[in-house]
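Here is my note on the entry you asked me to look over. Please read the points with the coordinates open beside them.

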Amino acid sequence: QGSTRSLAAGIAAVLAALAVALTAPQYHKDNYIQPFRSAQPGPGTYKGPSAFRRQLALRMQHIFYEDGPNTSVGIGVSRDAKGKETGRSILVNGKSDGNTSGDRFTTMMLGHLPALLAAHPERACVIGFGTGFTAAALAGYETVRSVDIVEISPVVRRAAHLFDAYND
C-alpha cells in the first residue's frame, strides 16, 4: 500500500514537472534586456509576449548583451525622432539599474551627499558600478584619494566602457 502511494506520488511529480517544462515560456534574451516598467499600456501590451517585446524594442536599441554567471546585462540606447541619442541605460536581469538621463541626478547625488557631509573625505567605497556616476562624483573631489568599487557582476565590469563618455 505504501509503495503504491510512493509510486503514484512519483509519477504525479514527474507528470507535473513535464507539464511545467512543456508549457512554460522558454528563455528569451529580450526578456532580460527590456525595461518592463511603463506608465501606460501600449498597443502591444495585451497581445502576448512577442508583441510586447516588439513594442518595447521601438524605444531602445540594444548595443550590448551578455549572460554572466549571476546576471544578464543589456545596454540600450534611446534616440529621438531624428536618431540623436537621448540616453543610455543599463539593464540587469530585465530591470533598469540606471540611465544617463533620468537617473543621472540621483546616482550622482549618491556620491556627492556623503562627500559633502564628511569633514575631509579621503577614501570612498561604492557598491555596484552601474553607469559609474556615483564613483565619478566621488572621484571629482580634490581630497578623495581613492574610490573602491565593489561590483559582483563581471559582465557589468565588461560593459562599463559604454558609459565612459557620460561619467568621465
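1. The model is a predicted one, in which local features need pLDDT of at least 70 and side-chain atom pairs count only at pLDDT 80 or more, while totals for chains, interfaces and linings use all residues. Residues are numbered from 1 along each chain as its sequence is written, and side-chain values use heavy atoms, with hydrogens and water left out.

2. Strand 2 covers residues 72-79, and because 7 of its 8 residues are buried, the strand is largely enclosed by the rest of the structure. Buried here means under 20% relative accessible area, with a 1.4 Å probe and protein chains only, and strands are DSSP runs of E with at least two residues, numbered from the N terminus.

3. On one side of the pairing scheme, strand 1 (residues 61-67) runs antiparallel to strand 2 over 6 bridges, where pairing requires that DSSP finds at least two bridges between the strands. A hairpin of 4 residues joins strand 1 to strand 2, and Q61 has V77 of strand 2 as its bridge partner.

4. Strand 2 is also joined by 7 bridges to strand 3 (residues 85-92), again in the antiparallel sense, with E85 of strand 3 as the bridge partner of R79. The hairpin of these strands has 5 residues between them, and in it G83 takes a positive phi near 90°.

5. S78 lies in strand 2 and counts as buried because its relative accessibility is 19%. Apart from neighbours within four places in sequence, S78 is in contact with R59, M60, K84, E85, T86 and G87, contact meaning heavy atoms within 4.5 Å.

Methods:
Buried < 20%, exposed > 50% of the residue type's maximum accessible area, 1.4 Å probe, protein only.
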